[in-house]
Amino acid sequence: MANLITTALTYSKEDALAYFLQPLFVGNKAMDFFEVMTGVKSSQKLDKFSTLEKITKAEASGFSGATGVSYTQKTISVARMEAEVEQAGGAFFNTIKGELLRLGLNKDDITGTILQEIVANVMLRGVDRDLQRQLWFNDSANAGAPYVDYNSYDGILKQLGGLPGAQKLDITSGAMAANLGKDTMQAMIDAMPNEGLELRDDLVFFVTRSIADNYRATLSAGGQELAYISMTDGTNQLSYQGIPIVEMGLWDTVIANDSNVATPLTAPSLFDNTKKLDGHLAVLTVKNNIVVATDYDSVGGADLWYNKDLKYNRFRFEYVMGTNYKNDELVVTADSQA
């Protein structure tokens, strides 16, 4: 048995009715730009019909039906995911949080107390962080115990590995030179097929913190920063050429901890799949081109119960997850590798 929360709580500085959580979940608005399929129980097919045009002609007698539309499919293979933790109520004994424990035979049962809420929220934030990490960096081809945190299904980056080579750009490895963030985003726009540029109002950049910070430095040096920051829902939104930039701070953490290491655990570089991601990463795509299939919501997949035999409070969270993208013509990537 192992408690989720193991560090003793400080009596003198903590209010029994308040609690503070570490920022386990790196917040971002990536999901706002995805198509999310909910209620999914098994693998799904994404239908794609090619563009039809040049069918309108000068009127003539008779009938001549147009042809030429191709129909293809992509598959979203989903995996059943779960997270489990347990917590003994006795671990809070002789701490200020112990004042919230029940009495008598129920003293180890935290059901219905604020302690249950604390443990549940810590767990759900961890699940949320795992979801974001695995959604982007999973690679089911990596078999074996070392890869268990990244091999349950293919994430977005692994799926994007099938893009045409001209749409997978290189970024110089190491510390970013002045203006490289801006230059990288411009190169990505230049590499975007015409079909993607037709939907310019729906384009969005997802970038590592390293690229966003380099771009901010460029703006600051030119005294133009305010011109490229707009207010969205009361928060600052960075943009380039009018295209919103979503700063994916979690990417920097994952690449540093699990990719740019001796045994990379994540999906490989998109530019060169024989190498590992080592620092900088960007994806330019169109809203709703990336699809996430799930039955996940914030409540429905959670189960909490007290085991009287073992005196442990147990928490389980389950959901289905898989991802893919719709159209090659609507996405460009760039990364550095080693």
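Me: Is Lys 74 buried, partly exposed or exposed, and how is that class to be read?

Reply: Buried denotes under 20% relative accessible area, exposed over 50%, and partly exposed the range in between, with a 1.4 Å probe and protein chains only. Lys 74 has a relative accessible area of 23% and is partly exposed. This is a predicted model, in which local features need pLDDT of at least 70, side-chain atom pairs count only at pLDDT 80 or more, and totals for chains, interfaces and linings use all residues. Residues are numbered from 1 along each chain as its sequence is written, and side-chain values use heavy atoms, with hydrogens and water left out.

Me: With which residue does Lys 74 form a salt bridge?

Reply: A salt bridge requires a side-chain nitrogen of Lys or Arg within 4 Å of a carboxyl oxygen of Asp or Glu. Lys 74 pairs with Asp 328, the closest N and O atoms being 3.6 Å apart. Lys 74 belongs to strand E3 (residues 71–76) and Asp 328 to the loop between E13 and E14, so the pair ties together parts 254 residues apart in sequence. Strands (E) are DSSP runs of at least two residues, and helices (H or I) of at least four, numbered from the N terminus.

Me: How many salt bridges does the structure hold?

Reply: There are eight. One of them joins Glu 35 and Lys 326, whose closest N and O atoms are 2.4 Å apart.

Me: Which side chain of opposite charge is nearest to Asp 278?

Reply: Lys and Arg count as positive, Asp and Glu as negative; His and the chain ends are not counted. For Asp 278, which is buried yet has no salt bridge, that side chain is Lys 276, 7.8 Å away.
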